[in-house]
Every structure is written in structure tokens, then in C-alpha cells.
Amino acid sequence: MLRRTLTALGLAAVGLPAIIFGGVFYFLLIAIVLVGSAWEYVRMFRAVRYEPHEIVTIGGVLCIATARFFFAEAAIPFFVLFVLLAMAVHIVAYERGRDQAPLDFAVTVAGIVYLGWLGSYLLDLRQLPQGGWWLMLVLPIIWGGDTGAYSIGVVYGKHKMAPRLSPKKSWEGYFAGLFTSIVVGAFFSYAFSSLGPQPLGGLITPLQGGFLGLVIGALAPLGDLGESMFKRQGGLKDSSNIFPGHGGFFDRIDSWIWGAALGYFLIQFFIL
């Protein structure tokens, strides 16, 4: 617990200033996290003898994230380029005797799509008007859901939610996390729109914040379960051990990817 607490404080000391100040500082932080997650992703699949192309996967994730932040109009061309490049390198691998190259190609492209394209919504969300505050609404919804699910699930959880993927997760914990996400969304929306400097004043109501919490709280846990699916296939407990007591990069952002993408579109279409 001490290791986990110290690691969490260290991550917060880096992450919160990046969220607050945004710009290149925030981009560099997210780029490091996404690249680290891509490296872990390749490692997880290599543990079960798939061979996603490391340079293409990691390079694709980095280039797409860079384009989405600095040159949005180039993001789709970069995405297409790396899909085509992935096909080319795996064709070569097949000719050199790698019979599983078609599956390797699918794994490479999936990594680029999931971590590069979807992961970049962590950048897009911060780029919205008042983006730092929107990010500080979405992330607490995710954290609140995780905390509520763990706190109730560990004590009262009896009905397993996904026994193959995550035996400790229960439906009792899931619904507790959903309730917590709704409360956190409503509370932070009220605080950001009605108290102090009111950074989101006139932009969101507690009811809308509760709706945001409902959708994100209901669906973001699938990000956690999805990463668990990758880890179970590879026989790994964590994506890596780079953060003592917390696992790896991918372990930290598995729910964030879903939360950021959902939050971005919900805010764009239903709130702004």
C-alpha cells in the first residue's frame, strides 16, 4: 500500500501540472504514456507468439498522436499510411516464412487503432475550449467509479461480473461504481459551473454531469476488461512493472481511453 501511495503521489505530481498547463507539456506526457502502452501491447502479444511489428506499432501510435495534437488534418493520412505500411512489412514476413503473418498484421493494426487513434482522444479532450476543466471532470468520473467499485466489491461482491477475465470484479461493485460515477459527475459539474471562478459556468448543469457520469461509468470498465483480456491471453498479471504497485502504462490508462473518447463526443454533441 505504501508503494502504491507513493507511486500515485509521484504520478499526480507530474500529471496534474500537465493537465493544468496543457500545451506541449501535456502532449509529451500523453505521448510517453501511449508509446509506453504500445510497447507493452507488443510485449503482451509476443508472449503468446504473435509478432506485431514493434516499430510500426509504436511509430504509428506516436505519429497519429502527434498529428492529432499539432496537425489534425494530417491524422487520417498518417493512419492510412501506417495501415498500409503494416501490410507491407507483414507481407515481407510471410515471404520469409512467417505463416502467422496475416494474424500479426491484424494485431499490429489493432494496436495502432486502439492506442493511437482512440488513445489520442486524451489529447482531443484537452484541446476543447476549457479543455483542462473538461478533462478534470471526466477523469474524476473514472477514478470515482473505480474507487466505488473496489470499495463495495471487495466487501459485498458476490456475483462475479467476468470470472474469466477479472475474477475479483462483481456486479455489486460495478453498480456501486456506476452510482459513484454519477454522483461525481453531478458534483464536479456543479462545482465547476456554480462555485468559485465557475470555469464551466453556463456550459454544463449537474443533470448533464450526472448523465456524463452515467454513460462513462457504465462503459469505461470495458476498457479495464479489454486490457485484462490481452493480459490473460499472455499469462501476465500486469502490462509491465514500470510503476511499483500500479503495473504499467496500459494498466493506468485502460479505462481512460474509453472515458476520454466517450467524454469527448458526449461533451461535443450533448453539452457544448
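Reader: Is S255 buried or exposed?
Author: In this predicted model, where local features need pLDDT of at least 70, side-chain atom pairs count only at pLDDT 80 or more, and totals for chains, interfaces and linings use all residues, S255 is buried, with a relative accessible area of 4%; buried means under 20%, exposed over 50%, and partly exposed in between, with a 1.4 Å probe and protein chains only. Residues are numbered from 1 along each chain as its sequence is written, and side-chain values use heavy atoms, without hydrogens and water.

Reader: Where is S255 placed, and which residues does S255 touch, leaving out those up to four places away in sequence?
Author: S255 sits in helix α11, residues 249–271, a helix being a DSSP run of H or I with at least four residues, numbered from the N terminus.

Reader: Switching topic, how many residues has the largest nonpolar core?
Author: That core has 55 residues, and L125, W134 and F250 have the most contacts inside it; such a core is a set of buried Ala, Val, Leu, Ile, Met, Phe, Trp, Tyr and Cys residues joined through side-chain atoms within 4.5 Å.

Reader: Which helix gives the largest share of this core?
Author: Helix α2, residues 23–46, supplies 11 residues, the largest share. Apart from this core lies another one of seven residues, including I64, A86, F105 and V109.

Reader: And F25, where does that lie?
Author: F25 belongs to helix α2 and counts as partly exposed because its relative accessibility is 40%.

Technical notes:
Helix = DSSP H or I, 4+ residues; strand = E, 2+ residues; numbered from the N terminus.
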